[in-house]
There are 2 protein chains.
Amino acid sequence: MAETEFPRPIVTVDIVLLTLREERLHIALLPRTAEPFAGVAALIGGYVHVEEDSDAEAAVARILKAKAGLSGIFFEQLQTFASVDRDPRDWSVSIAYFALVPQEVLDEAGVALELRPVDAAGELPFDHADIVRAARERLRGKGAYSTIPARLLPDIFTMSELQAIYETVMGERLDQSAFRRKINDLNLLEEVEGEKRQTERARRPTTLYRLKAPLAVFDRRI
Amino acid sequence: MAETEFPRPIVTVDIVLLTLREERLHIALLPRTAEPFAGVAALIGGYVHVEEDSDAEAAVARILKAKAGLSGIFFEQLQTFASVDRDPRDWSVSIAYFALVPQEVLDEAGVALELRPVDAAGELPFDHADIVRAARERLRGKGAYSTIPARLLPDIFTMSELQAIYETVMGERLDQSAFRRKINDLNLLEEVEGEKRQTERARRPTTLYRLKAPLAVFDRRI
């Protein structure tokens, strides 16, 4: 490689920020403040700042804080979108992430984001629709064998809330007793001692749980 | 975003090229021809050429052809490694891919690559050891519910060869009858009509198979 200098692409990070509203997965968008697509709702994102960000995750954390008022939420690298034609400005690399935030945490952040159902997000600029599609597939796939969907819940939840979030993420109904058996077998949860919640439906107060390990992984088998 | 121009990072693609040698997964490396780390065996990779490559996959295909003499082999995006300190030259983005090539195809390409067992690859420059580790984990994870491991075999193979490749990739022994039942249930293979192979061990010629769909995915379940 005598190839010392080449024209360099644009490098950005983009974040598919997902939350729940009325038991549906929603995506949080922000109107763009500059061309191209000024004023159009788009994924939360921005340039990597090479003098400020130590790595791509630092760029994501900085942008989530600056543009959505969020810190400490779950995010994970999704996929990188890199081509000559995804951005009208230049050859462009978007290192895409997906992030999950409980509804309550997003509300407390107090930043006016535009929420749209993820399965009816409408038109999006650049290749953001492709990025959203990839995030939905990843979440559906990983949801089946990880505790990632629980990141959409507050720290403390009931078993019914947990099952509902898996059903939402996976887009299918799960058998209640099979779900509870699986969750028990996997030993992912711990009871929150001394706390119960009285729900309208149940006669007795409902047991509350929290995640034991942050990211215990379901077993996989051929 | 009034942020029109920012210093841009280096953008490269790096490829974890895996093949089989003596029933073990091996990684194919190339000695670097320029600084940094000139002469040191490293992942096959190079700069994205924004004037030539339409997207990251085009860069991968170009580099596999130019540096390893390979075309038409299976590759898939792995993960992007992006930080201020992974490359001594500058803030750097490596869009990493893993690629699988049957031993015979690599031999025919006739390029002298350095093959090392993937679980004993020794020291590697940059963060290439991290990239190799991510590729092994991905392959082990995806191996369990995809036909990806079969990409290490020639187009036509026996059921025993197929089981052996899954065992190699997943690093565990699989029960033969359970494996065959699963493979049959999933309807992934078709018999190669009129072709059998006489092996030393078997009394009768062995049935040969090929993949029916290029990438049928195993079922997943909570």
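In the predicted model, the contact between the two chains draws 46 residues from chain A and 46 residues from chain B. Together, chain A and chain B bury about 4,200 Å². Carbon and sulfur atoms carry 62% of that area. Polar links are also present. The count between chain A and chain B is 12 residue pairs in polar contact, both partners at pLDDT 80 or more. The interface of chain A and chain B holds 2 salt bridges. In one salt bridge, Asp90(A) pairs with Arg8(B). The closest N and O atoms of Asp90(A) and Arg8(B) are 2.8 Å apart.

Several elements of chain A build the side that touches chain B. Strand 1, strand 3, strand 4 and strand 5 each supply at least two residues. So much also holds for helix 1 (56–68), helix 3, helix 4 and helix 5 (176–186), each with at least two residues. Strand 4 of chain A gives the most, with 5 residues. By residue class, the side of chain A that touches chain B divides into 24 nonpolar, 10 polar and 12 charged residues.

The fold of chain A comprises 5 helices and 8 strands. Along the sequence, the order in chain A is β-β-β-α-β-β-α-β-α-α-α-β-β. The C-alpha atoms of chain A occupy a box of roughly 70 × 40 × 30 Å along the principal axes. Chain A has 222 residues, and 52% of them count as buried. Among contacts in chain A with a separation of 6 or more, 64% join residues 24 or more positions apart.

Helix 3 of chain A covers residues 128–143. At 1.5 Å a residue, its 16 residues should span 22 Å. The end C-alpha atoms of helix 3 are 22 Å apart, which agrees with that expectation. The buried residues of helix 3 are His128(A), Ile131(A), Val132(A), Ala134(A), Ala135(A), Leu139(A), Gly141(A) and Gly143(A). Their cover includes strand 1 (10–21), strand 2 (24–31), strand 3 (41–47), strand 4 (74–83) and strand 5 (92–100) of chain A. Helix 4 (159–170) of chain A also belongs to this cover.

Helix 4 of chain A has 12 residues. From first C-alpha to last, helix 4 reaches 17 Å, close to the 16 Å expected at 1.5 Å a residue. Buried positions in helix 4 are Met159(A), Leu162(A), Gln163(A), Ile165(A), Tyr166(A), Glu167(A), Val169(A) and Met170(A). These residues pack against strand 1, helix 3 and helix 5 of chain A. They also pack against strand 7 (189–197) and strand 8 (206–211) of chain A. Just after helix 4, Gly171(A) takes a positive phi of about 70°.

Leu25(A) lies in strand 2 of chain A. Its relative accessible area is 12%, under the 20% cut-off, so Leu25(A) counts as buried. Leu25(A) and Met170(A) are 145 residues apart along the chain. Their C-alpha atoms are separated by 11 Å. Met170(A) is itself among the buried residues of helix 4.

Key
Residues are numbered from 1 along each chain as its sequence is written. Chains are lettered from A and ligands numbered from 1 in the order in which they are written. This is a predicted model: local features need pLDDT of at least 70, side-chain atom pairs count only at pLDDT 80 or more; totals for chains, interfaces and linings use all residues. Side-chain values use heavy atoms; hydrogens and water are left out. Helices (H or I, at least four residues) and strands (E, at least two) are DSSP runs, numbered from the N terminus. The expected span of a helix is 1.5 Å times one less than its number of residues. Buried means under 20% relative accessible area, exposed over 50%, partly exposed in between (1.4 Å probe, protein chains only). Contact means heavy atoms within 4.5 Å. Buried area is the accessible area (1.4 Å probe) that two parts lose on being put together, summed over both. A salt bridge is a side-chain nitrogen of Lys or Arg within 4 Å of a carboxyl oxygen of Asp or Glu. A polar contact is a pair of N or O atoms within 3.5 Å; within protein, one must be able to donate a hydrogen and the other to accept it, and residues adjacent in sequence count only if both atoms are side-chain atoms. Ala, Val, Leu, Ile, Met, Phe, Trp, Tyr, Cys and Pro count as nonpolar, Asp, Glu, Lys and Arg as charged, and the others, Gly among them, as polar.
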